Amino acid sequence: MVVAHVDGVGRSPSSWFGAIVSGTPRLVGAIPPTAQVLVGIVSVQVGAALAKQLFAVTGSSGVVTLRLVFAAAVLLLIWRPSPRVARADLPVVVGYGFVLATMNVLFYLSLARIPLGIAVTVEFLGPLSVALLGSRRWLDALWAVLAGAGVVLLAQTLGGADVLGLLFALGAGVCWAGYILLSAKLGRQSSDGKGLALAMACAGLIAAPIGIVEAGTALLSPMVLLVGLGVALMSSVIPYSLELEALRSIPPRVFGVLMSLEPAVAAIAGLVVLREALSPAQWVAICCVVAASAGATRTARPDV
């Protein structure tokens with residue numbers, strides 16, 4: 001017979017919540033780094049698919065507001081950072097928050113017009129550009145051409161009304177590149193998720209006015225709030241926390257190769273959750289970008 005010792009009998013709900021919150025950082029650290037990245041990829045793409053289902057009620061900006069505000073609230077509870085930020089760290093925290101807000105607004109604007117898999121594939125040009133930036137090797141030029149061919153193929157499979165969606169996705173990709181560069185600085189200045197929590201709070205403050213204007217009182221619907229919380233956890237809290245933790249434990253090259261799976265996972269999430277079937281040509285285009293990203297990361301020089 002197994003006897004379980006329960007030492008939490010009589011605890012209040014608030015104390016239970018506090019125990020869960022305080023244990024979250026240790027739980028994240030206990031997951032193997034490779035699994036952290038893969039779980040984060042699946043989480044963010046399924047979250048994006050769920051977010052798209054809210055567009056008819058709150059609009060894309062309303063979903064961005066729910067995602068960032070809830071994510072900021074959860075991260076602030078988990079990490080409990082001091083509101084006092086060193087003057088040298090303030091530009092990084094605010095810049096990170098601005099990039100997060102802008103990236104999410106542009107990405108959801110693209111998601112409202114084109115399928116999830118295509119939006120993520122085009123957006124992925126941002127991190128791929130960071131990987132190739134400054135390289136003069138012919139092999140890296142080959143990866144760039146392969147990625148460009150994939151995007152051109154995608155553009156040819158879409159109608160004229162979807163061009164704006166592609167442009168929004170490209171803008172989100174530029175922000176994603178900035179997010180990567182700022183993440184490295186934020187990781188060096190903060191040994192845990194406190195910097196991320198403050199940056200997410202900035203992002204929520206930036207996005208909130210836009211979402212409130214578009215969605216209005218629809219943001220106060222209990223069901224909308226519940227789904228918005230789920231989107232925030234899956235699209236922001238879980239993946240960003242896991243990525244920051246993984247980057248401290250695995251080489252950037254390995255991290256980049258794993259992240260190269262993002263467009264393919266997005267296409268699968270769009271198919272399963274949103275029933276967004278892609279044509280064979282679109283799947284080929286996505287594979288081109290995935291192969292280019294994985295190849296560029298795998299063959300990168302150690303000092304890149």
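In which helix is the place of I41? I41 has its place in helix α2, which covers residues 33-52, where helices are DSSP runs of H or I with at least four residues, strands are runs of E with at least two, and both are numbered from the N terminus. The views below show a predicted model, in which local features need pLDDT of at least 70 and side-chain atom pairs count only at pLDDT 80 or more, while totals for chains, interfaces and linings use all residues. Residues are numbered from 1 along each chain as its sequence is written, and side-chain values use heavy atoms, with hydrogens and water left out.

**View A. The chain as a whole is built from 13 helices and zero strands.**
Followed along the sequence, the chain reads α-α-α-α-α-α-α-α-α-α-α-α-α. Of its 304 residues, 48% count as buried, where buried means under 20% relative accessible area, exposed means over 50%, and partly exposed lies in between, using a 1.4 Å probe and protein chains only. Among the contacts in the chain with a separation of 6 or more, 88% come from residues 24 or more positions apart, a contact being heavy atoms within 4.5 Å.

**View B. I41 of helix α2 is in contact with residues that include L258 and V265.**
I41 is buried, because its relative accessible area is 3%. When its neighbours within four places in sequence are left aside, I41 is in contact with L258, M259, E262 and V265. I41 can also be viewed together with S235, from which it is separated by 194 residues in sequence and by 9.1 Å in space, C-alpha to C-alpha.

**View C. Helix α11 and helix α13 have axes that come within 8 Å of each other.**
The axes of α11 (residues 252-259) and α13 (residues 280-298) cross at roughly 175°, and α11 is therefore roughly antiparallel to α13. The axes are lines fitted to C-alpha atoms, for helices over the stretch in contact, and the angles run from 0 to 180 degrees between N-to-C directions; those under 35 degrees count as roughly parallel, over 145 as roughly antiparallel, 65 to 115 as roughly perpendicular and the rest as oblique. On the α11 side, P252, R253, G256 and V257 meet S293, A294, T297 and R298 of α13. The residues of this contact of α11 with α13 divide into three nonpolar, three polar and two charged, with Ala, Val, Leu, Ile, Met, Phe, Trp, Tyr, Cys and Pro counted as nonpolar, Asp, Glu, Lys and Arg as charged, and the others, Gly among them, as polar.

**View D. R253 of α11 and T297 of α13 are shown individually.**
R253 counts as partly exposed, because its relative accessibility is 26%. R253 and A294 lie 41 residues apart in sequence, with 9.2 Å between their C-alpha atoms in space. T297, by contrast, is buried, with a relative accessible area of 11%. Not counting residues up to four places away in sequence, T297 touches P252, R253, G256, V257 and S260. A polar atom of the T297 side chain lies 2.8 Å from the backbone oxygen of S293.

**View E. C175 and C288 are buried cysteines in a structure that holds zero disulfides.**
C175 counts as buried because its relative accessibility is 13%, and C288 likewise counts as buried, at 17%. C288 is in no disulfide, and the nearest cysteine sulfur, that of C287, is 7.3 Å away, whereas a disulfide is a pair of cysteine sulfur atoms within 2.5 Å.

Most residues other than glycine have a negative phi.

**View G. D162 is in contact with R113 and I114.**
D162 has its place in the loop between α7 (138-157) and α8 (163-189). Its contacts with R113 and I114 are those found when neighbours within four places in sequence are left aside. Although D162 and I114 are 48 residues apart in sequence, they are 6.2 Å apart in space, C-alpha to C-alpha.

Technical notes. A polar contact is a pair of N or O atoms within 3.5 Å; within protein, one must be able to donate a hydrogen and the other to accept it, and residues adjacent in sequence count only if both atoms are side-chain atoms.
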